[in-house]
Amino acid sequence: MQDTPIAEDSLSDDEPLVFRAELGMPLDRLDKLMAHLIPTHSRNRLQGWIEQGHVLVNGQPGKVRQSVRPGAVVIATPQPAPEDLAFSPEPIAFDVLAQSPHWVVVNKPVGLVTHPGAGNWSGTLLNGLLHRYPELGQIPRAGIVHRLDKDTSGLMVVARTEVAQTSLVRQLQARTMGRQYMAIAHGRMLAKGTVDRPIGRDPRVPVRMSVERPIAAKPAVTHYERQRMGEYMDCNLSQVLCRLETGRTHQIRVHLASLGHPLLGDTLYGGRELGCAKRQMLHAWKLSFEDPASGETITVEAEPPQDMQQVMQEIVWS
């Protein structure tokens, strides 16, 4: 029987760990006892093992807050951390609009996270790419060179080789990759304009980005052009095309909100949810880049998803 804390390298995902509870150990709560016995893992992670039924006390599934009697036998089956599964292939639905041996252009659907991270260690576009294109497991970040927000739909280019990835990243850095977005914003916007304001973390709300006293701000430039104006449920709206020079987190959302024109449905930045607009009305509709192999200019377009098309149909355009 193991009755002392164990080393990290002795953990196995296959073999259960067996302990005997003894006086002198924290026996008032099972999670505290587990933290004492396996100090290499956080109590929060061990609580997850308990809640998922991977810790038995005298042969019965344990509970986080239960007391443990001296002499009780505790059996724990170690579980991989969520981040350990982040780069696992998964069958995720997304459309491929164009491809070559060197790159793939995907149309990311609304609600799909681009890359694994805290709170989203699986079920991402990256997991789906690894499932559909196994060779991407040999490419950093599975070939992803730029991202879209979870609730922003549209076009992304993914590299299938390291040479292509280097080329595409350099095009982004040189601002030669063309990325145009279709957006619906509150209010009546000017015919065209440019927002050149650095973006960083909002010092008051960590999940937001900001142009007002931002933390670790980076240069950000967005060009916009109004296509048409209309009215929707007593609100004035503008349909605009936005062209990015840079690719900062939430860039279009933050820049248009800074003009007093937040995106329809974007409650994080002051927009309102109206009708079918239950998320920010933003779609990456056109993408152009230089083929890393041939030098040819590749241009791909994608129509907005159904929810955005429905909103556009219901707006009374002037």
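Entry 1: I looked up R43 and found it partly exposed, with a relative accessible area of 38%. My scale: buried is under 20% relative accessible area, exposed is over 50%, and partly exposed is in between, with a 1.4 Å probe and protein chains only. The model is predicted, so local features need pLDDT of at least 70 and side-chain atom pairs count only at pLDDT 80 or more, while totals for chains, interfaces and linings use all residues. Residues are numbered from 1 along each chain as its sequence is written, and side-chain values use heavy atoms, with hydrogens and water left out.

R43 makes a salt bridge with D31, and the closest N and O atoms are 3.8 Å apart. For me a salt bridge is a side-chain nitrogen of Lys or Arg within 4 Å of a carboxyl oxygen of Asp or Glu. D31 sits in helix α1 (residues 30–37) and R43 in helix α2 (residues 43–51), so I noted a link between distant parts of the chain, 12 residues apart. Helices here are DSSP runs (H or I, at least four residues), strands are E runs of at least two, and both are numbered from the N terminus. Is D31 buried or exposed? D31 is buried, at 0% relative accessible area. I also saw that R29 joins D31 and R43 in a network of salt bridges.

**Entry 2: more pairs.** I got a count of 12 salt bridges. One of them pairs R208 with D202, at 3.3 Å between the closest N and O atoms. R208 is partly exposed at 22%, whereas D202 is buried at 3%.

Next I checked K286 and E301, whose side chains meet in a salt bridge at 3.9 Å, N to O. K286 lies in strand β15 (residues 282–290) and E301 in strand β16 (residues 297–301), so the pair ties together parts 15 residues apart in sequence. K286 is partly exposed at 25%, and E301 is partly exposed at 46%.

**Entry 3: T246.** Where is T246 found? I located T246 in the loop between β14 (235–244) and α5 (251–258). T246 is buried, with 5% relative accessible area.

Its side chain has a polar contact of 2.8 Å with the side chain of Q251. That term means N or O atoms within 3.5 Å; within protein, one must be able to donate a hydrogen and the other to accept it, and residues adjacent in sequence count only if both atoms are side-chain atoms. A polar atom of the T246 side chain also lies 3.0 Å from the backbone nitrogen of V221. Leaving aside neighbours within four places in sequence, I listed contacts (heavy atoms within 4.5 Å) of T246 that include R175, R179 and P219.
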